[in-house]
Amino acid sequence: NEISHSQQIVLELGSTLHEILDTILAEAMARDVIHEVYEPKLERVNVANLIHSTMKSTASAESMKRFPVVTKPSPLPEFALDPQLLKYIHRNAVSNACKYGKRGGVVMTEIEWDEATAMLQLKVINFPGDKHEEILALGNLAAEIIFSPTKRLPVHSGDRGEVASHSAGDGAWIMYNCAKTLKGTCDVQFDTDRTTFTVTCPVRPFNEVLATSSMNPLEFSLPINVYAIALDDSKIQRKLLARFFSFCKIPEDRIHILGGSCSEIQGFNDWAVNFIVEHPDDYFLCIVDENLDIHQDQIAERDGTISGSECVATIRRRILPDQERRVLALIRSANDSANDVAIYNSRAHGFLPKAPIKQGTVLEEIAPLWLSRFPDFCAAPTFSRVPSEHLLPTCILDCGSEAATTARDLIESLSSIRNLLSGSSHDDMKKEWPRIWEKLHILKGDLLTLSNVENKELIAIADMIESMKGETMTSDFIQNWEIIHSFIIAAL
């Protein structure tokens, strides 16, 4: 019963935390869009599911009645587009429909895909509100005001709380810029019996994009003469990277994963340079964590942090151009703002976000990065010819003893935090907060890359940890920690 109660608390807090996190991410994206530095990130997107996710309590019958979603055709194909841009546009369109439309009225979303023109059209339609006649009297000026920065309609009725907006006054203007970033357009039409917001943008089905690319990632294979190299200070992340390379069909004897000790992290540059020099006929797929915490062996305190991207930059400077041409070095990080990614790309060859590692998507991630780095790459010979017995097990988190090992690692992380808290007064915990937060941050990263991270409760736990971020301990830390500890133990 206690665990069940804790789970209910987690779900309630998780919902609030997700809204806060969505707002933070949307604000960061909006800032980049406004400054025209945002680069759309094409992903495989189920548009109908994405639209449902922008509204609260979409599973309830009441919500589905008030916020219906209609698609044509049904079902829609999966598209290659940036989900965050479309999500931002739709969320703010629904917010405006609630503000200016009929109080408590139906807000319908219509999504239509025109295969002949390769255009996707999304409409948000609402019934007239109390001040609709005054809006109609503004004529074309109404749309001009809505899509202008820092301006609102004179009859703005205030946020009634149905759907949160990401801005105060600038929402529609940012929507316009998001549509522009998608190479599309948006408009709003006030009629006597309805208001219709429309965004139109060119999109292509994901499978079509794959079929017309220079090489289909689903058919992509790495060459047989490639070594996999990784550096990460987290034990669980090193296990997951082994899984990642295994999904790339790289044999175990060609995988080198370092970071288990202070000496391995500090000596990585020398080791990598020597290894590349000693293998003049091979390629190297190198994945390095950005934030590498240094601990003297057997000592809990952190002695400092090393930048993984700076390590890569140093290695690239130390090797010869011919040697560097055989290296694909990627920075792996949970920080993916435009500024951060620009720094990673200036020091390494690309960026790999921390995300769940799934067998079906690993090569989809690596293929475009590899082909961009080696445009003349030939697919054969490949590891598809390597006998399966030479590959690492591919079920580290899904089955067998490897899964138990990973579970034990999570339990060890929980125990290390509990040991810091055990017998400590509130004042002692405040003093130890930097060490406590460091361990919580590592735990959050491990949760976000587990194979079952699609579990909404686990995501809520990760969000709860993120909400504690700060220089000082939050007042509700102990209560939240007990929820986190109980739920992870129950999940394992």
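Strand E5 (residues 119-126) and strand E7 (residues 195-202) run antiparallel and are joined by eight bridges, where helices (H or I, at least four residues) and strands (E, at least two) are DSSP runs numbered from the N terminus, and where two strands pair if DSSP finds at least two bridges between them. Within this pairing, Val124 has Phe197 of E7 as its bridge partner. The model is a predicted one, in which local features need pLDDT of at least 70 and side-chain atom pairs count only at pLDDT 80 or more, whereas totals for chains, interfaces and linings use all residues. Residues are numbered from 1 along each chain as its sequence is written, and side-chain values use heavy atoms, with hydrogens and water left out.

Both strands belong to an open sheet of five strands with mixed pairing, in the order E2-E4-E5-E7-E6. Its edges are formed by strand E2 (69-72) and strand E6 (185-190), each of which pairs on one side only. From one strand to the next the twist averages 15 degrees, with axes taken as lines fitted to C-alpha atoms, for helices over the stretch in contact, and angles running from 0 to 180 degrees between N-to-C directions. Helix H4 (residues 83-100) packs on the sheet, where it touches strand E4 (107-114), E5 and E7, and its direction makes about 20 degrees with that of E5; contact here means heavy atoms within 4.5 Å. Helix H7 (residues 171-181) also packs on the sheet, touching E6 and E7, with its direction at about 140 degrees to that of E6.

Helix H9 (residues 235-247) has 13 residues and spans 19 Å from its first C-alpha to its last, close to the 18 Å expected at 1.5 Å a residue, the expected span being 1.5 Å times one less than the number of residues. The helix is mostly covered, with twelve of its 13 residues buried, that is, under 20% relative accessible area, as against over 50% for exposed and in between for partly exposed (1.4 Å probe, protein chains only). Among the buried residues of H9 are Leu240, Phe244 and Phe247. Just after H9, Lys249 takes a positive phi of about 65 degrees.

Asn269, found in helix H11 (residues 268-278), counts as buried because its relative accessibility is 15%. Apart from neighbours within four places in sequence, Asn269 is in contact with Cys311, Thr314, Ile315 and Arg318. The structure holds zero disulfides, a disulfide being a pair of cysteine sulfur atoms within 2.5 Å. The sulfur of Cys286 lies 9.7 Å from the closest cysteine sulfur, in Cys311, and is therefore too far for a bond.
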